[in-house]
Amino acid sequence: MKSVIAPLKFVLYLSLLVTALAVTGGRVLGQQPGSSNATGQPVNNGSAALSQAQIDNVIRAFTAKETEFRRALNLYAFKRDALVQQIGMGGQVIGEYHRVSDFTFDDQGTRYEKINFFPMSTMGSIITPEDIEDLGGVNAFALEAGKIAQYNFKYVGKERIDELDLYVFDVAPKVMPKRTLDRLFVGRIWVDDRDLQIVKSKGKGVPETKENKFPIVETYREQIDGKFWFPTYAYADDDLIFDNGTDLRIRLRVKYSDFKVGHGKVTITEIEEVKPGLEKETTPSSPGAQRPAGPVEGGILNSKAIELPAPVYPAEARKVHASEQVQVKVLVDETGRVMTADAIFGPEMLRMAAIDAARKARFAPLVIAGSAVKVSGILTYDFKDE
């Protein structure tokens with residue numbers, strides 16, 4: 001979340017009612033925190049005490065299971081209902097970001113989003129690209145399988161929540177990433193001592209900057225199809241304190257539902273590899289795979305561009321030493337060329353330069369179920385007066 005200009009002070013109160021989602025044929029972790037001692041902290045004595053060798057075995061087991069979980073998730077489609085609100089001093093909602101989407105993953109775990117409901121945000125520039133990435137990344141899944149080696153794990157003890165006995169670990173990156181878009185998780189995870197899978201996490205994405213802070217998000221998972229624990233509910237109610245003294249109260253609620261096996265094969269091909277007539281093909285290449293009716297939501301697209309020219313720093317902006325990020329929403333056609341580009345965030349004096357650069361970007365075509373499709377997403381440009 002990005003700092004607002006005027007400082008805000010908020011009173012603390014409880015405001016979220018947590019409702020369990022119905023899941024067929026699985027175990028459910030209650031969505032109210034519980035503990036095994038009077039202080040509300042995990043215990044680390046008696047049966048909770050583990051030798052270092054046992055701790056290492058548990059870590060190896062649940063990190064391996066997390067890798068299996070992410071592979072299993074690639075076979076599912078699901079719905080995400082994300083609501084982020086800015087809360088005023090009296091507890092009233094003064095800004096809102098609401099986005100309802102259907103998600104699927106390709107063979108490599110790349111996330112694709114189809115937006116079903118997304119009214120105009122009333123939170124202005126507070127929502128950042130990192131916030132959007134966290135909604136589909138560390139907030140929901142905590143530890144990405146491909147990044148597990150980048151973390152340190154510290155065993156805290158055991159805790160009982162509802163009928164589950166859980167190992168508790170504190171998690172932190174071995175090395176803090178330098179770029180804010182390289183998201184890692186810092187916080188606490190709860191691991192079921194029977195399935196050795198993560199069933200709950202509480203933490204936030206890092207790194208943070210002076211201007212960009214993130215709420216602590218508590219995420220609960222439920223057992224889907226009697227096998228893997230998938231996220232079903234996440235919430236946060238947090239005050240973000242910025243270096244300039246700004247106090248920003250944020251409430252977040254995300255629901256994940258409708259998990260269905262419906263993995264579609266998604267491949268990226270070069271332009272010359274797209275065969276003539278593919279855009280007319282409608283036969284799915286795998287069960288449940290269908291060509292999207294509209295553009296596929298690709299999120300932040302900078303890393304996916306095969307050509308991404310830098311914008312020209314405007315002379316007008318140089319005079320006032322303007323240094324700011326501009327975000328441009330683009331629509332990429334089936335050949336990988338940018339069809340439309342519109343600036344959605346950043347100073348007016350920098351927007352046209354960013355738009356001109358975005359129009360020159362090129363991408364490898366995205367092919368789903370044998371057909372090239374359009375992609376919608378965001379390109380970010382950081383202007384610095386050097």
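## Exercises on salt bridges

D182 is partly exposed in this predicted model, with a relative accessible area of 29%. The exercises below concern the salt bridges, of which the structure holds 16.

**Exercise 1.** Find the salt-bridge partner of D165 and classify the accessibility of both residues.

*Solution.* 
1. D165 pairs with R160, with 2.8 Å between the closest N and O atoms.
2. For D165, the relative accessible area is 29%, which makes this residue partly exposed.
3. For R160, a relative accessible area of 39% likewise gives the class partly exposed.

**Exercise 2.** Explain why the pair K200 and E218 ties together separate parts of the sequence, and decide whether each residue is buried or exposed.

*Solution.* 
1. Side chains of opposite charge can pair when their charged atoms come close.
2. A salt bridge joins the side chains of K200 and E218, at 2.8 Å from N to O.
3. K200 belongs to strand β7 (residues 198-206), whereas E218 belongs to strand β8 (residues 217-224); the pair therefore ties together parts that are 18 residues apart in sequence.
4. Buried means under 20% relative accessible area.
5. K200 has a value of 2% and is buried; E218 has a value of 6% and is also buried.

How values were computed:
Residues numbered from 1 in each chain as written. Predicted model: local features only at pLDDT ≥ 70, side-chain atom pairs only at ≥ 80, totals over all residues. Heavy atoms only, no water. Salt bridge = Lys/Arg side-chain N within 4 Å of Asp/Glu carboxyl O. Buried < 20%, exposed > 50% of the residue type's maximum accessible area, 1.4 Å probe, protein only. Helix = DSSP H or I, 4+ residues; strand = E, 2+ residues; numbered from the N terminus.
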